[in-house]
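Take a moment to look over the sequence and the 3D structure side by side. Then let us walk through a few of the features together.

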Amino acid sequence: MDDQATVLIVDDEKHTRDGLRLSLEDEFDCYVASNAAEAMEYLKNDRIDVMLTDLRLGEDDGMKLLDAALALPKPPVCIMMTAYGSVDTAVEAMRRGAYHFVTKPLNLDEVELLIKRALRSRSLEHENVALKQQVERKFSIEGILGQAEVMKPIIETIQQVAPSRATVLIEGESGTGKELIARAIHNLSGRPKANIVAVHCAALSPQILESELFGHEKGAFTGAQERRIGRFEQANGGTLFLDEIGEIDASTQVKLLRALGEQTIERVGSSKPVQINVRVIAATNRDLAKMVEEGKFREDLYWRLRVVTIQLPPLRIRKSDIPVLADHFLKELAKANGKAYKPLGDDALPAMMKYDWPGNIRELRAAIEHGVVMSNSSRVMLKHLPSYLLNPGSLGISLRAPKTSNATAPEHAAPPRSDLDINEAEHQLILTALQRSGNNRTVAAELLGMSRRTLQRKLKDMNMVRTHRRRVQPETQPAQTQAS
């Protein structure tokens, strides 16, 4: 049968060759050879999965045949046989790459089981290699899809900085693919076999975050029943990715600064330094420079983090990549949802190109998955995509500043302030998300593409602005009355 594994039996004794062939041919497709030259002819011209060879082949040396077989582009699994077995020859055969070593007289049942075990082992190795290649494709430069001009310098920066030990700060709106960039840097760093460990800083309270990063000793706090190593130690020899770095509190910033500068940490509840070897990549959707000015982020930590900065563009300014990204997601999500791949319909892509995608690539992926699931025809049409693509204003969510018409503006109105417009737009975005989620802040945060903690902070800032306006209003009202 075509799907049978092939076994090459190499022995200078005819009765041994024939006996093994008769024993194995019901399970395997068997070839026989009496010397090394015949064996190499089969190995070069046929697909051989397992080679079972004698150590002594008349004038030929079985060890040399082993070396030649394993040097081939697609080597077989090799099992050595001999009537002159010893520990030294077994060790030497295994050292050269043999899978196993058996002595004569052979137990035919054991030989058959050994061949099956060897085939399973090789199958697992092939699966592991394929899986590794799949992961590397996903998180390497190849996984960063798109040919927009704005992405070319970013790709060049990744390739340049990856082999170094430099700390990298990735800036960009939510959903632009910051973690994908971090993993690409790691996989090109020369440390791909080591771990990359991700920590989403905004998802944890300050107390939990400190323990999560640095670990803790037994009894360090209530509930600390045993020692626990933190993410820095887990990433030792590899990369630590700190997402939403702008959300960490002042105390953790101090400890992080020391870890970056001295490559040492202290577990919570201990004063003993632990040496580490970790490359840190941080990401944020906040303006850290502004936070430094406002005293909310340490300036020394800021400069330590941004040795190299990568600014990711939002999807709305790299729209030429939408067709490539959309097709990639169509294939990926069709497979994930157990459906056949369907291309976009003629009406879908134009609508997607007009939309500004405030949630960036994350929102695009969600929209494509909606289309994959809802499509009941041979293509993913516009009607299968989320309704806000049919009517972009229906969602009520936009990160762009509202336009002010000069024709309708009062003569005494102050010139528009773009920063105030953007803040107001963000406030409206948050209120709309809360309304849609029934005031469920967790769901609203997911709709907005941010963490619940970030949403809570923004709501707090909104309340402070409203309080300030209420306090200012009584002072300005008399002046307006008097002027009138």
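This is a predicted model: local features need pLDDT of at least 70, side-chain atom pairs count only at pLDDT 80 or more; totals for chains, interfaces and linings use all residues.

The short report below covers a sheet, its helices and some aromatic rings.

Let us start with an open sheet made of 5 strands, arranged in the order β2-β1-β3-β6-β7 with parallel pairing. The edges belong to β2 (29-33) and β7 (100-103), and each has a single partner strand, so one side of each lacks a neighbour in the sheet. From one strand to the next, the twist averages 20 degrees.

Now zoom in on one pairing. Residues 6-10 form strand β1, which pairs with strand β3 (residues 50-54) in the parallel sense over 4 bridges. Here you can find V10 opposite T53 in β3.

## Helices on the sheet

Helix α2, residues 36-45, packs on the sheet and touches β1, β2 and β3. The direction of α2 makes about 145 degrees with that of β2.

Helix α3 (residues 62-70) also packs on the sheet, where α3 touches β1, β3 and β6 (77-82). Between the directions of α3 and β6 the angle is about 175 degrees.

## Aromatic rings

The structure holds 5 aromatic pairs. One of them is Y302 with W303, an edge-to-face pair with 5.1 Å centre to centre and 65 degrees between the planes. Which of these is buried and which is exposed? Y302 is buried, because its relative accessible area is 6%, while W303 counts as exposed at 51% relative accessibility.

Elsewhere, ring pairs link Y355, W357 and Y388 into a cluster. Finally, look for K331, which lies over the face of Y341 at 5.7 Å from the ring centre.

Conventions
Residues are numbered from 1 along each chain as its sequence is written. Side-chain values use heavy atoms; hydrogens and water are left out. Two strands pair if DSSP finds at least two bridges between them. Helices (H or I, at least four residues) and strands (E, at least two) are DSSP runs, numbered from the N terminus. Axes are lines fitted to C-alpha atoms, for helices over the stretch in contact, and angles run from 0 to 180 degrees between N-to-C directions. Contact means heavy atoms within 4.5 Å. Rings of Phe, Tyr and Trp (its six-membered ring) pair if their centres lie within 6.5 Å; planes under 30 degrees apart count as stacked, over 60 as edge-to-face and the rest as tilted. Buried means under 20% relative accessible area, exposed over 50%, partly exposed in between (1.4 Å probe, protein chains only). A charge sits over a ring if NZ of Lys or CZ of Arg is within 6 Å of the ring centre and within 35 degrees of the ring normal.
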